[in-house]
Amino acid sequence: MTNEALQNLINSWITDLEFSEEESQFLNITVTPEHLHQLMSDLKSNKETSFDYLFCLSGVDWQPELGVVYHLESTTHRHSIVVKVKTADRENPVFDSVCDIWKTAEFHEREVYDFFGIKFNNHPNLKRLFLTDEWEGFPLRKDYEDEINMVIK
Amino acid sequence: METTLVKSNFKSEEYFINMGPQHPATHGVLRLLLTIDGEIIKKVEPDLGYIHRSIEKMCERDSYQQIVHLTDRMDYLSSHINNEAVCLTVENALQLELPDRVKVIRTILSELTRIASHCLWWGVMGMDVGALTTYFYGFRDREMINDIFEETCGARLTMNYNIPGGLMFDIHPNFVQRTKDFIAHFKTKLPEYDTLLTGNVIFQKRTKGVGVLSKEDAISFGASGPVGRGSGYSCDVRKHHPYSAYDRVTFNEALKTEGDTFARYQVRIQEMWEAMSIIEQLIDNIPEGEHKVATNAVIKLPKGEYYQKVETARGELGVYIISIGTKNPYRLKFRSPGFSNLSLLNHIAVGGKIGDLVASMATLDLVIPDIDR
């Protein structure tokens, strides 16, 4: 499907989505945290979109917002899409987990939790993946400071 | 002396052991927490982070030229391809048109890297299941490729030969001849691999029907590279999203449908033949021209988001850059193949024996710095 056809189709499911193709090679959708899980599950299960391959899941600190970026591809139709979700709550950022839709998300979400402190509802095993349990702070946040381990330029 | 556990969630017959972080079959500092009932595996939980260097955070402080040098410390057996991934992302963002010479040389070097990586994998795969000889065969052939790299790139493992805009310097005058010599040599040696290991009855019994991964699960777990293709999932980035000179060569995507350890093994052997075929198609026709195009000393990417995927020896490596127009990336994420491939280990190992876990893990071909980053 072309990006335009994708946009028209997806727009008919959920109303408050933002679409953008600027400054990116993919079609970008920004979704509110409440609608995230519903949108993702539709993107996977709908026959016309069938985004069955989550090839990248990244946490991003947009300052002041925290968010997650999902890169999706369909192995049958070979089209791609990017879904973004953001929250302004830096103290307790929470999104719904998508591990029930794509199993690869389990490890990726743990990585995001480890480095950004973003929590995921309904995640089966949400704990730090790389860092020790006693580690304080979330290193990939822009406001993280560590005078011992970081070389500051 | 008290010999029973008083407080535990385990059932009485289950117990727990550590595999690694210094276990030879985990190929690096990977620690697996195994829950076992007799010799049957109930659960595998990887414990990561022993060599995490936070490359992604370091990238946010470095220039784009410096980032390239960090990438071959990830999957050090595919270092050339890792370098290429970052260079391609930067070049696409700057909309640089590269000379054909650069594209062809990069493709040849990538395929040599793939053969070298698979040679090493084949050697240690045999060793993991108890066949010591393979190690010496694999390293003998890999050594020839390392010599070629040393002559052209100046390094044997961490090449750093790619730079944004092309290659650091032109190929060595001996490069073409030595590569041809290697292909002629390896064509006589690769059949020996089959004679020595593939047809071995003990080896086949250790691998056939072990660690089965279905196609649906492969896609859901984000498997890529030979792990995905062993399950019949067509995921070759070189075919679906061609880069460099892959659109001008013909090769077959190695696919097997069984999904077991033996299928993943066969895919890698087949890939070595295909890699040789790709090199043969290109080696006599390296176009003349410049080996790089000029870039600014300080590279600033235009504001925006860039994603580039390449096929390393282990699978799909993705580079995701968010730029705000400065000389450093605002955020850089590496989607490494080993990370996703490791996440399916629990799925394929549960219900098998510890020996099967070692065999399955050998064909996932994990490189731990690639996972830990």
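Helix axes are lines fitted to C-alpha atoms over the stretch in contact, and the angle between two of them runs from 0 to 180 degrees between their N-to-C directions. In this predicted model, helix H2 of chain B (residues 64–71) and helix H3 of chain B (residues 79–94) pack on that basis at an angle of about 155°, with their axes 8 Å apart. Chain A has three helices and seven strands, chain B comes to 15 helices and eight strands, and 27 residues of chain B are in contact with 24 residues of chain A.

**The helix pair H2(B) and H3(B)**

- Because angles over 145 degrees count as roughly antiparallel, H2(B) and H3(B) are roughly antiparallel to each other, and their crossing is right-handed.
- On the H2(B) side, the contact is formed by Tyr64(B), Ile67(B), Val68(B) and Thr71(B), which meet Asn82(B), Asn83(B), Ala85(B), Val86(B), Cys87(B) and Val90(B) in H3(B).
- Sorted by residue class, this contact of H2(B) with H3(B) holds seven nonpolar residues, three polar residues and no charged ones.

**Met159(B) and its surroundings**

- Met159(B) is placed in the loop that runs between helix H5 (133–153) and strand E4 (162–163) of chain B.
- Met159(B) counts as buried because it has 22 C-beta neighbours inside 10 Å, where the cut-off for a buried residue is 20 or more.
- Leaving aside residues up to four places away in sequence, Met159(B) touches Asp72(B), Ser79(B), His80(B), Asn83(B), Phe149(B) and Cys153(B); among these, Asn83(B) is also one of the H3(B) residues that meet H2(B).
- Arg31(B) stands 128 residues from Met159(B) along the chain, and the C-alpha atoms of the two are separated by 29 Å.

**Helix H14(B)**

- Helix H14 of chain B, which covers residues 354–364, is mostly covered, with nine of its eleven residues buried.
- Those buried residues are Asp356(B), Leu357(B), Val358(B), Ala359(B), Ser360(B), Met361(B), Ala362(B), Thr363(B) and Leu364(B).
- Just after H14(B) comes Asp365(B), which takes a positive phi of about 55°.

**The side of chain B that touches chain A**

- Several elements of chain B each supply at least two residues to this side, namely helix H1 (55–59), helix H8 (215–220), strand E6 (304–311), strand E7 (316–323), strand E8 (331–335) and helix H12 (337–343).
- The largest share, four residues, comes from E7(B).
- By class, the residues on this side of chain B divide into seven nonpolar, ten polar and ten charged.

- Read from the N terminus on, the elements of chain A follow the order α-β-β-α-β-β-β-β-α-β.
- The radius of gyration of chain A is 16 Å, close to the 15 Å that the globule rule gives for 153 residues, so chain A is as compact as a globular protein of that length.
- For chain B, with 373 residues, a compact globule would have a radius of gyration near 21 Å, and the computed value of 21 Å agrees with this.
- Along the principal axes, the C-alpha trace of chain A spans about 50 × 30 × 25 Å, while the C-alpha atoms of chain B fill a box of roughly 75 × 50 × 35 Å.
- Buried residues make up 39% of the 153 residues in chain A and 50% of the 373 residues in chain B.
- Of the contacts with a separation of 6 or more, residues 24 or more positions apart account for 49% in chain A and for 70% in chain B.

Key
Residues numbered from 1 in each chain as written. Chains lettered and ligands numbered in written order. Predicted model: local features only at pLDDT ≥ 70, side-chain atom pairs only at ≥ 80, totals over all residues. Rg over C-alpha atoms; globule rule 2.2 N^0.38 Å. Buried ≥ 20, exposed ≤ 12 C-beta atoms within 10 Å, placed from the backbone. Contact = placed C-beta atoms within 7 Å. Parallel < 35°, antiparallel > 145°, perpendicular 65-115°, else oblique. Left-handed = near helix turned anticlockwise from the far one by under 90°. Nonpolar A, V, L, I, M, F, W, Y, C, P; charged D, E, K, R; others polar.
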